Structure formats: structure tokens, C-alpha cells
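Dear colleague,

I am passing on a structure that I would like you to look over. The notes that follow it set out what was found.

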Amino acid sequence: MHGEYKVPGGKLVVVDLDVDEGRIVNFRLAGDFFLEPDSALEDINRAVNGLPVETDATALASAIRRGLPEGATLLGFSPEAVATAIRRSLSGAADWRDFPWELIHSKPVSPRMHLALDEVLTAEVGAGRRGPTLRIWEWEESAVVLGSFQSVRNEVDLEQARANGFDVVRRISGGGAMLMGKGQIITYSLYVPAELVKGMTFADSYAYLDDWVLTALRSLGIEATYQPLNDITSPSGKIGGAAQKRLGNGAVLHHVTMSYDMDGELMAKVLRIGREKLSDKGTKSAAKRVDPLRSQTGLSRAEIIERMKATFVSLTDAVPGDITPEEYAEAEALVESKFATDAWLNRVP
């Protein structure tokens, strides 16, 4: 069996192994990482050989760590990364290039329509009617997008939202509220089969699915990194955040919003950002919580998106795609029955 795992912001970990009578045998670790001393490679191999195939990632990482000699140095990878590669090999996990990808960057639609399209396209991937897809959002309206489990009154100053032209809507994924000003942010959605993130913890899948965008941002001179659980950041401050929803049919929705030119003072007026959240982020002012991409690149929003698209295509061989008329129709119906209703918006008042 063969498994690979690219550490977000790090190196590639490759494992090969056999299974005999329910145990891992002939385990071999390889990759472009750095490891000192050289002999530690065989120590890792010995630590894994003989373990039961049902050993979970946490126990695998613990066994590897115990097997390392004192003072061993691992650069670009970790025992957890090796454990993830092992679990991916045993579960038959797929890689990015194992799928025919589509890249959609289509006409602007309303915020509610975007949310409905996320649900529809994820379901289509799970049903096998659509292949894995990256979709870049475009819209001509502004909105506050709440996480699935957030309280409307706790998160939004509705009077300020209305006064500043922001609709208030709710998405199907968890996480925090996003102030999505027209032309001020970059949002994308990934619709993928669960096979792509097999063997990963929920937290690891966030970093894995966004590693390509870190590559794109770094190519623009931004020192972008991933900050668990779901933030994309840089030394200058937070850039954006991710959220996920896993459907029962085996598909994963992963979407990200990054700030291009955020008005921090307006965000502080419209969103009720509590002291605990600001303290958790290590900042004193809501206006400093989101660092816009424009200030770090000097590029237009369109130029940044084009670099993102080019990076994704280079890594996945994605081809241009579009939303079908049937998918649009299904999403429009879902807007009427769900996303435009008070019952959905106020499911958590």
C-alpha cells in the first residue's frame, strides 16, 4: 500500500507498506523532508512495523515519537504527518490529481444564491453527477453571512447592517460571521469527495484543502500560513477563514473568505465582536483583526484571483467549467424554500 501527505507549509511525506495478518509490515518512510540523525529514519520504520492496521493516527504518532532517538530533529514534517500518510495508505485515500477537476468562475449571483449553490453542488459531487470542483464567487451585493449555529442577535447589529446596505443570511457550515462587502473580499468553495481527505483528522483536512491557496499567496510575496483551526494568516495579520460541511452522501463542502479591502471600522459597527473573541485572536481592536490582501500585494482583486486560478490549475490540471441550468434551477428553488426564509435565518435567533 502507498500513501502520501503534503504537510501544509511543509514537506511531502511518502509511505509504503504491506499488511500481513492484520499488522503493518515492510514499512518504508520517504519524502523531501529533513531528518537528523540519518539513523532516525530506520527508528521510525521500526516503530511502525508490527502495529495493528486499525491503529488510529494519534496512537501511530505516539509510537513514532517514542521510537525516535533523544534529540532527533524533524524539519518539514512530524510524527503526526507520518501517521496521516499511513492512515491514508490504509484507507485508500485519493490525491488531488486522482480526480478530473473543474474550475468555475461564473456570473455574479446574490449571496443567498451562492449559499444555495454551495449546498446543491456539494450534493451533486456526492451523488456522482459532478466531479470535484473549485468555484470562485462573484456578486454585486453586500451581506453578513452567519455560521450555521450562530445567534442572529448576538452576532449582528441589524440596524447598522441595514443602514450600511448589508443583507443578513445564514450558510450551512459552522464557524463565524463574515462581513462580505461587494468587491472587498475573495471567496471560493471546494466541492470534493470524502476520499480526498480520508485518513485525516477534521482539523488536518482544513489545512490540506487550503494548502494550494497558501502556495498562490506566497507566489505574490505574502508570507501566508495556516493557523488552526481555520484561519489563513500572515505576519501582518489575519487574511481569512475557512468553514466546512460534510454531507451524508460522502461529499465535503469547504469554503474560504479572504479579505481584499476590508473596512475594519464598518465591520466593528455591523458585527457584534465580543471581547473574548478579540482576546483569543490577540488583538485589541476589531479594525485590526482582518488584514486586507490589497495592502500586502498592491494588486487588484482580479489579479489576485487570476494567480489563484493559475496555481490551482498547475496543481490539479483543472479545466474550465460552469454551473448547469439544472443546478441553477435547483439552487433557485432552494433559495425560496430555505435560504430566503425567516425560519432558516432565525433558526438560532
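Predicted model: local features only at pLDDT ≥ 70, side-chain atom pairs only at ≥ 80, totals over all residues.

Residues are numbered from 1 along each chain as its sequence is written, and side-chain values use heavy atoms, with hydrogens and water left out.

The domain assignment of the protein gives domain 1 (2-91) and domain 2 (96-346), the bounds coming from an automatic or database domain assignment. Between these domains the contact (heavy atoms within 4.5 Å) takes 8 residues from domain 1 and 10 residues from domain 2, and their C-alpha centres lie 33 Å apart.

The second largest pocket lies between the two domains, because domain 1 and domain 2 both give residues to its lining. A pocket here is an open set of points, on a 1 Å grid over the protein atoms alone, where a 1.4 Å probe fits, with protein on both sides within 12 Å along at least five of seven lines; lining residues have an atom within 4 Å of a point. The volume of the second largest pocket is about 420 Å³, a volume being the space filled by probe spheres set on the points, which are joined across faces, edges and corners. Its lining has 21 residues, of which Tyr 5, Pro 8, Ser 78, Glu 80 and Asp 204 are the closest to the centre. By type, the lining divides into 13 nonpolar, 6 polar and 2 charged residues, where Ala, Val, Leu, Ile, Met, Phe, Trp, Tyr, Cys and Pro count as nonpolar, Asp, Glu, Lys and Arg as charged, and the others, Gly among them, as polar. Helices H2 (57-67), H3 (79-91) and H7 (202-209) each supply at least two lining residues, and H3 gives the most, with 4 residues; helices (H or I, at least four residues) and strands (E, at least two) are DSSP runs numbered from the N terminus.

The side chain of Ser 142 reaches the backbone nitrogen of Lys 182 at 2.9 Å. Leaving aside neighbours within four places in sequence, the contacts of Ser 142 include Gly 165, Phe 166 and Met 180.

Met 180 itself is in strand S10 (residues 178-180) and is also buried, at 3% relative accessibility. Its C-alpha atom is separated by 5.9 Å from that of Val 144, 36 residues apart along the chain. Among the residues in contact with Met 180, beyond four places in sequence, are Trp 137, Trp 139, Ile 185 and Thr 257.

The side chain of Glu 327 reaches the backbone nitrogen of Thr 324 at 2.9 Å. Not counting residues up to four places away in sequence, Glu 327 touches Leu 117, Val 120, Leu 121, Glu 124, Arg 130 and Asp 322.

Lastly, the buried residues of helix H8 (residues 211-219) are Asp 211, Trp 212, Val 213, Leu 214, Ala 216 and Leu 217, and just after H8, Gly 221 takes a positive phi of about 95°.

With best wishes

Note on methods
Polar contact = N/O pair within 3.5 Å; in protein donor to acceptor, adjacent residues only side chain to side chain. Buried < 20%, exposed > 50% of the residue type's maximum accessible area, 1.4 Å probe, protein only.
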